Amino acid sequence: MAKKTSGTYVIGHINPDTDSIASAMGYAWLLQNQDEEGNIIAARAGHLNPQTAWVLERLKLEPPVLLPDASPRFENIVHRFNTTTPERPLRDVWAIANRTGGVAPVVNEDGTPYGLVTVLSLFRFLKESVGAHPRREEMRIAEIMERPCSEACDTDVPRFTVSSRIRDVLPRILHEERSEFWVVDEEGRYQGICRQRDALNPPRYRLILVDHNEAGQALGALDEADLVEVLDHHRLDNAPTRTPIRFTIDVVGSTCTLVSERINEAGLSAPPALAGLLLAGIMSDTLILNSPTTTNRDREAAERLLRWAKVGDSPLANETLQSFGEQVLQAGASLASRTPDEILNTDFKQYEAGGLKFGISQVEVTNRSQLAEYMGDLGDALMKLRDSHGLDFAILMVTDVVRRGSRLLITDQIPALEGLPYPRREDGTLNADGVVSRKMQLLPTILGALEG
């Protein structure tokens, strides 16, 4: 039987933003339409933020599959063998086992496992049924084959859920005196059988990272997967790879710009809804093409995507770049609708410089005065976030998308940061007028201060 593959997942960073989700979906679509080998799947490494959820609902698109880590799961090694029921004659089991290499699942009518017939359990059954008794030895094979197959079952076979990580239960598999195990769904219903040899050498996920290249921002267990490509627009700090890969980092304001360029170069045009999603990614990351990260390529990509998005019966038929961009930013610009933990974790990234580990969380608002009402709770949550990630300090960047500036809330007094060019306010926050980009404005300033 051919070994299963885990597919190739196109996936953005943890705490995904709109650019991360949109570029993953857009690039997966492109690869699928270029007749790439294998199964190309758009994925996400975390939960959707309010802005992205709004965009997907507006465009009537389903979110990509959730892949929190790259550790192989039982779904990657399960074989859905034919089954029979406990009361059926043993000849049913014999027919199945002859086709599966000596194993036959016996399943209850409700779909839950009853027992597994293996070579060992069948030998034990024959030993108990025939044994050394002379008269029993004269039993005909036909008589034995009419006995209920439940009598030949091993009913103590361990069960593993299809979504469980193999590595978490590998010690138990190695200590069991069995070669086959049940794989069930969350309700305990039969999904198939896995073999010990497959659990010891499961197929690895193939990953294409978009909108990031740092291992610290990637999904968990990255080292258990095969990284085959990176498409990004951030600073270089990539994870090691086993073999040479296609690696692209370009100076544009959004990964969606890079994806739209590749679609255009392939002579294709994205479907209207997907084009709208890619456009939303650009509008979000460039603050409606007003961020300092914005390039002419972003503007050209936005115009091209809006044109594609208006083909046919489109939900963006009456929109302009400005009107749609304002809706996208407004959908994620609020502190009132989320808890402090949700605000901080929605767009949080970790870094290391000057021997210090730190994180920067960014949230967009339409008025920086909102910060005063939630300052205390956000400060407490920011310190909890710092401690839970083992960081030396953490920063919350509250960005006013209307007035183009930010306020910075920092957990600790770091001597190297005392000279930052941002005046301190009475409430303890730093006033960063004109600073709206974490990547191009704030982060380089922080790194420069820490590294001397």
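Mentor: Ala333 counts as buried because its relative accessible area is 3%, and the cut-off for a buried residue is under 20%. The model is a predicted one, and the values that follow are computed from it. Ala333 belongs to the loop between α12 (321-332) and α13 (340-346). When neighbours within four places in sequence are set aside, the contacts of Ala333 are with Glu364, Val365 and Thr366. As a reference across the chain, Asp35 lies 298 residues from Ala333 in sequence, and the two C-alpha atoms are 39 Å apart.

Thr411 sits in the loop between β15 (405-410) and β16 (430-433). Its relative accessibility is 16%, and Thr411 is therefore classed as buried. Beyond the residues up to four places away in sequence, Thr411 touches Leu382, Met383, Arg386, Phe393 and Ala394. Ile395 is 16 residues from Thr411 along the chain, with a C-alpha to C-alpha distance of 6.6 Å.

Of the six residues in β15, five are buried, so that the strand is mostly covered. Strand β14 (residues 393-400) pairs with β15 in the antiparallel sense through six bridges, and Met397 has Leu408 of β15 as its bridge partner. These two strands form a hairpin with four residues between them, and in that turn Arg404 has a positive phi of about 60 degrees. With β16, β15 also runs antiparallel, and four bridges join the two. One of the pairs there sets Arg407 against Asn431 in β16.

Most residues other than glycine have a negative phi. Lys60 is placed in the loop between α2 (50-59) and β3, and Leu287 in the loop between α10 and α11 (296-309). Which of these positions is buried and which is exposed? Lys60 counts as exposed because its relative accessibility is 72%, whereas Leu287 is buried, with a relative accessible area of 3%.

Six strands form an open sheet in the order β3-β2-β1-β9-β10-β11, with parallel pairing. Its edge strands, β3 (65-66) and β11 (246-249), each pair on one side only. Helix α1 (residues 18-32) packs on this sheet and touches β1 (8-11), β2 (40-44), β9, β10 and β11. The direction of α1 makes about 175 degrees with that of β2. Helix α9 (residues 255-265) also packs on the sheet, touching β9, β10 and β11, and its direction makes about 100 degrees with that of β10. Within the sheet, strand β9 (residues 206-210) and strand β10 (residues 226-232) are joined in parallel by five bridges, and Ile208 stands opposite Glu229 in β10.

Helix α9 has a helical partner as well. Its axis and that of helix α10 (residues 272-285) come within 8 Å and cross at roughly 145 degrees. On the α9 side, Cys256, Thr257, Val259 and Ile263 take part, and they meet Leu278, Gly281 and Ile282 in α10. These contact residues comprise five nonpolar, two polar and no charged.

Finally, the chain as a whole may be described. Its secondary structure comprises 15 helices and 16 strands. The chain has a radius of gyration of 28 Å, whereas a compact globule of 452 residues would have one near 22 Å. The C-alpha trace spans about 100 × 55 × 40 Å along its principal axes. Buried residues amount to 54% of the 452. Among contacts with a separation of 6 or more, 65% are between residues 24 or more positions apart. The accessible surface comes to about 20,800 Å², and carbon and sulfur atoms account for 48% of that area.

Technical notes
Residues are numbered from 1 along each chain as its sequence is written. This is a predicted model: local features need pLDDT of at least 70, side-chain atom pairs count only at pLDDT 80 or more; totals for chains, interfaces and linings use all residues. Side-chain values use heavy atoms; hydrogens and water are left out. Two strands pair if DSSP finds at least two bridges between them. Contact means heavy atoms within 4.5 Å. Axes are lines fitted to C-alpha atoms, for helices over the stretch in contact, and angles run from 0 to 180 degrees between N-to-C directions. The radius of gyration is taken over C-alpha atoms; the globule rule is 2.2 Å times the number of residues to the power 0.38. Buried means under 20% relative accessible area, exposed over 50%, partly exposed in between (1.4 Å probe, protein chains only). Accessible areas come from the Shrake-Rupley method with a 1.4 Å probe; for residues, only the protein chains shown count as cover. Ala, Val, Leu, Ile, Met, Phe, Trp, Tyr, Cys and Pro count as nonpolar, Asp, Glu, Lys and Arg as charged, and the others, Gly among them, as polar.
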